[in-house]
Amino acid sequence: MNEHVTELREAIADIKGGVHQSIRHDSAHKHVTGEADYTDDVPTPVGTLHAYLGLSNCANGTIDTMDLSKVRSSLGVIDVLTAQDMPASNDISPTHLHDEPVLADGEVQFYGQPVFAVIAESRELARKAAQKAEITYDERPFAHSVDEARAANYPMVTKPLTLKRGDAPTALETATHRLQGRYEIGGQDHMYLEGHIALAIPGEDDDMLVYSSTQHPSEVQHMVGHVLGAPSAAVTVKVRRMGGGFGGKETQSNQFAAIAAVAARKHGVAVKIRPDRDDDMITTGKRHDFVVEYDVGYDAEGRIEAVQATFAARCGFSADLSGPVTDRALFHADNAYYYPNVLLQSEPIKTNTVSNTAFRGFGGPQGLIVAERIMEEVAYALGKDPLEVRRANFYDPVGAENARCVTPYHQTVTDNIIHTVVDELERDTDYQARRDAILAFNKTSPIIKKGIALTPVKFGISFTATWYNQAGALIHVYRDGSVHLNHGGTEMGQGLNTKVAQVVADVFQIDLARVSITATTTDKVPNTSATAASSGSDLNGMAAENAANQIKDRLIAFAANEYDTAPEAILFAGNEIQIGTKRIAFADLVDRAYMKRVHLSATGFYKTPDIHWDRDKGTGRPFYYFAYGAAVSEVSIDTLTGEYQVDQTDLLHDVGKSLNPAIDIGQVEGAFIQGMGWLTTEELWWDDTGRLRTHAPSTYKIPLASDRPIKFNTRLLQGSVNREKTIRRSKAVGEPPFMLAASVVEALSMAVASVADYKTCPKLDTPCTPERILMAVERMKPSA
Amino acid sequence: MVNRTTIRFLLNDQIVERSDVRATTTLLDYLRLERRLTGTKEGCNEGDCGACTVMVGRLGPDGLEYHSVNACIRFLGSLDGCHVVTIEHLRRDDGALHPVQQAMVDYHGSQCGFCTPGIVMSLYALWMAEPSPTDGEIETALQGNLCRCTGYEPIIRAAKAISSYGNTKDDPLVTERETVIAQLEAWKDEALVDVEANGPTGPERFFVPATPDQLADLLASHDGATVVAGATDVGLWVNKDHRAISPVIFIGGMNALQSITVTDNEVTVGAGVSYSRFVPVMKEHFPHMSELWWRIGGEQVRNMGTIGGNIANGSPIGDSPPGLISLGATLTLRSASGTRTLPLEDFFITYGKQDRRRDEFVETITIPCTKPGTLHAVYKISKRKDEDISAVCGAFSVSVSANMITEARITFGGMAGTPKRAQSVEEALINKPWSHETIEAARPAFEADYQPFNDWRGTSEYRLLSAKNLLTRFYLEHADTSHPVRLERAVAAA
């Protein structure tokens, strides 16, 4: 860009809705009026039938007899499908381990596993009929927890991972101090407000159109084709938006889509399936529960000398994504801390529970909170403020090139800003003075006790399945200057479509309103990755920018030729194109380009550079960059009942140069509250028969407005710029702030510890329900 | 008495009259499947998430009143004579957004948007009642609405800003109020509504009696009929347990069961009085129940659920029964053959069994007024503070005279198969000094009174320990006020 053009640029008004602006969600006006269509709101074709699942009531066994005659004869029933009715395959294992049937075939492996599907004239009739099955089982003992599975010598569902640097066993033997612990970490249901749903509409030949509430349309497409025996090219999967996903719709949509498609193919009519909330929660996977055993060596200052730990996860009956989830737990077992000697092992063990799956953070949170527990344990053992111990162990700051920047997976941390983040937050929240005040308060308050904690977050960005780090986009510019944008990412509330549209508006320098956001569909952009791993805007933003730039380059070449101007003297700004001294409206230039037969459509592509990962060796650079953040939470507990409240939380989070600060703040606030729910009131509870009993919001308690911190402040780190060449130097935001909620656990822990004058670190497993808090308080009391 | 075989109601600005209504058809299914009004969403189908929130207006004892309700557990048949207002009714002729909607957009109050119509409706109901709500009032209004994306903060900000976008007096529910009243008045006919329609398991029939006499006659002539007031429990029988409940008698609209009579000595409450309607009387006469009251269900459930229903359904936990039993409340049951009155605690026989004949209905609850010298408290412990079912609910009414305990009525829910008095604990207190030592000595008596169960709300051990600790809290709260003994949310409800 030459000087002349730069001067002109300054004279032109900004477009409305470019990058780095706080723009409202593109569908906000439709959300608030109820006009935003979700899959259940799509008008169904005449004659649409409805499918419903019949579930097992046995946690582990062989189907002995299955009498479905009363189901078949129930009013309005058209058909009943079992495993044998799957035309080409009954397997929907997303990692191709052939361990996940669409419908149980002979064996049932968890209580609530789908055994058959009823097809009926209405959803109500299908649901009623599904209750009428008479199935008997040859029952076997079951293992529903990690401990039970270990005792029964259950296998791993997938190959474990080992991360190793230095010599942890020897370093532990020679460590100045040493401690061991066991930490049980609860799972979490996604509790997206819109449950799973699929609507399959059969077409000619093998054609099948599936509306699915999914984060991974390409995988649903692949699975539907696989089960039907149809080529992927015949299957189209479409999703305009989801009512929340959080990872719960990365692989879990496959089953519903497959059943709807099989029934639609068989009967030649559209088929819809939507489980009731309870059945959604019973039949779909959740965040993995973990049991972690750790052995830690440290010096007198609290510096870690060695960490050895085993991360066992309740994976459920099949692998699903348990491999990469448990891998990511290990990748985050260091959080922001340098471990000179480290040996981490995953134990993805099979259990007779629903197969656990992706959930915001993808194992990372479970790894990270172990690091925080270790810091707390060391701090209590030495009588120090945990923040002091945390600081002593941070990776060295940006610019350092020594060993104290190397992770357990041998990637050097080159963008570390955790010191800056923590220093700023500590200062701005007056952490030290507030901690002193709390220590004083606890001395004089016998029943109500307070706690405060500051915890950091460092989170690695990129899919560890390296091939997933690619994306495509499709852009059409029409003669009237309107722009049709499509990309492979899915919208689940995170504002992805808004951000990607901002990028495109910015490239063309047109108002955001002129960019039409369209439903994600596999026939526009193929072979897409799941919208997951916080990668949505990083990947799809780049792909869309690439597509837009191709068209823009063609327009520049056209204009240069048409107006006999150097390409360098052509500038897109403020809905106009400056061509030398001439200005022309974007739509006019587009129309003229069309008349001169310029191609106004482009597909864009992007793949993340510089990343690689050798899982067998446990070395590589799995992450393109890291996102950072920190939180201070202050809590009060009632030592008579274990009830508590969060009095104040301050979040400071790094999103690089934000594409949309309003949306990013929303992600940070929402992630924190969701993380807080995971660690406090959200409890999965199985009974003696292996049956999950917390399977609806009446029994499974996610945070309410009145659970928010009473004072809740959220800020984005100012002046941060991603050191890598990401989309407009922003950083991914979906998952990293989820882990800011660790501050609540450690603040609760401090309040509990006050009962015994902070001499011991409370044993406080998660979720920290009022019961767990009260029982931890009881354990702190001197035994009678 | 004339019978009517249709129900009539207003849906937004349309008159609906229907004869082919099933007893178990919910308002939500009717809106979404029959009317294609898909702005109202199904999130949980059990009245716990609020995605299906709509407003229902009804000519009650105090005139036309609108309340937020959960459409998923509201049976269509119960809407006879009502005005149903859905999210679609907020649309302005000129396409502009309603002030509630505009505030939600401008403050980034939606992310995935699925809970949003329900949240807009809850905030709409709040705004119409209180145009400048406090944080606590907003939190209370949103207790029945789950949002999994935003963390609520932007929604709270939006709620506080609504009045800067418009004035409630310009709202259609105000400007068209007289028209609506006239229509609903015109429909008042004292008729017994009797509607039958085919359902998936055969014919379903429901009645909407206009008077208690009609109700008594119906119960006498239809053995096993299901009486439904707020449907906050029966809705789940149908939606979750697939129970057949026909014939059904809807009594939620019967004004004769909604009286509240206050004398010097007692308060008599009609069985159809909702939790919400009881609030002013509760605040004045039984202020110690206040904290519990705001933790029963969410706003929608408190608007629908009735005190009579809470008793008649015989829950082992109950939200109101422990407090009412400790106050010495009595219950009046009525049938075609007359009425009888019994102490509330005698009504609960064992788990799932109450002292109610199949032809009887709960008519009134009578609660003695509190007396000076008696200390009262009701405590609830639950995993989540609001909109959760109690792990333990404990109610204390203890009389102290000259520092001696003269009377003690202590009742717990969640500790046994029914709400149950702590007889041994009471005995350990009565005629003892009101002292720390007495309380300590009485704590073990809980083990004689209760052998609580383990479930997802709490272990037996936790229930027993926290029950003992609640006795300690009760003492400390009244005898030693030098330190805080309870958490108070600084933005707590109004």
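**Loops, sheet and chain contacts in the predicted model**

Asp430(A) lies in the loop that separates α13 (418-428) from α14 (431-444) of chain A. The structure described here is a predicted model. In this model the phi of Asp430(A) is near 60°, a positive value in a residue other than glycine. Asp430(A) has 13 C-beta neighbours inside 10 Å and therefore counts as partly exposed. A positive phi, of about 55°, is also found at Asn12(B), again not a glycine. Asn12(B) occupies the loop between β2 (7-11) and β3 (14-18) of chain B, and its 18 C-beta neighbours inside 10 Å class it as partly exposed.

Two cis peptide bonds were examined. In chain A, such a bond joins Thr766(A) and Pro767(A), with omega at about 0°; Pro767(A) is placed in the loop between α19 (742-753) and α20 of chain A. In chain B, a cis peptide bond links Ser246(B) to Pro247(B), with omega at about -5°. Pro247(B) belongs to the loop between α9 (234-239) and β10 (248-250) of chain B.

Chain A contains an open sheet of five strands with mixed pairing, in the order β7-β15-β14-β13-β8. The edges are formed by β7 (162-165) and β8 (177-185) of chain A; each has a single partner strand, so one side of each lacks a neighbour in the sheet. On average, neighbouring strands of this sheet are turned by 5° against each other, direction ignored. β7(A) runs antiparallel to β15 (residues 341-349) of chain A, to which four bridges join it. Within this pairing, Thr162(A) has Gln345(A) of β15(A) as its bridge partner.

Two helices of chain A pack on the sheet. Helix α10 (residues 322-331) of chain A touches β7, β13 (290-298), β14 (304-314) and β15 of chain A, and its direction makes about 155° with that of β15(A). Helix α11 (residues 364-382) of chain A touches β8, β13 and β14 of chain A, its direction making about 140° with that of β8(A).

Chain B comprises 19 helices and 21 strands. Its radius of gyration is 23 Å, close to the 23 Å given by the globule rule for 494 residues, so chain B is as compact as a globular protein of that length. The C-alpha atoms of chain B fill a box of roughly 70 × 55 × 40 Å along the principal axes. Of the 494 residues in chain B, 56% are buried. Among contacts in chain B between residues at least 6 apart in sequence, 67% join residues at least 24 apart.

Helix α1 (residues 27-34) of chain B is largely enclosed by the rest of the structure, because six of its eight residues are buried. These buried residues are Leu27(B), Leu28(B), Asp29(B), Tyr30(B), Leu31(B) and Arg32(B), and they pack against β4 (53-60) and β6 (83-85) of chain B. After α1(B) comes Arg36(B), with a positive phi near 50°.

Between the chains, 71 residues of chain A are in contact with 68 residues of chain B. Elements that each supply at least two residues to the side of chain A that touches chain B include α2 (28-33), α4 (123-130), α9 (277-283), β27 (625-638), α18 (661-679) and α20 (770-780) of chain A. Of these, α18(A) gives the most, with seven residues. The residues on this side of chain A divide into 29 nonpolar, 24 polar and 18 charged.

Conventions. Residues are numbered from 1 along each chain as its sequence is written. Chains are lettered from A and ligands numbered from 1 in the order in which they are written. This is a predicted model: local features need pLDDT of at least 70, side-chain atom pairs count only at pLDDT 80 or more; totals for chains, interfaces and linings use all residues. The radius of gyration is taken over C-alpha atoms; the globule rule is 2.2 Å times the number of residues to the power 0.38. A residue is buried if 20 or more other C-beta atoms lie within 10 Å of its own, exposed if 12 or fewer, and partly exposed in between; C-beta atoms are placed from the backbone. Two residues are in contact if their C-beta atoms, placed from the backbone, lie within 7 Å. Two strands pair if DSSP finds at least two bridges between them. Axes are lines fitted to C-alpha atoms, for helices over the stretch in contact, and angles run from 0 to 180 degrees between N-to-C directions. Ala, Val, Leu, Ile, Met, Phe, Trp, Tyr, Cys and Pro count as nonpolar, Asp, Glu, Lys and Arg as charged, and the others, Gly among them, as polar.
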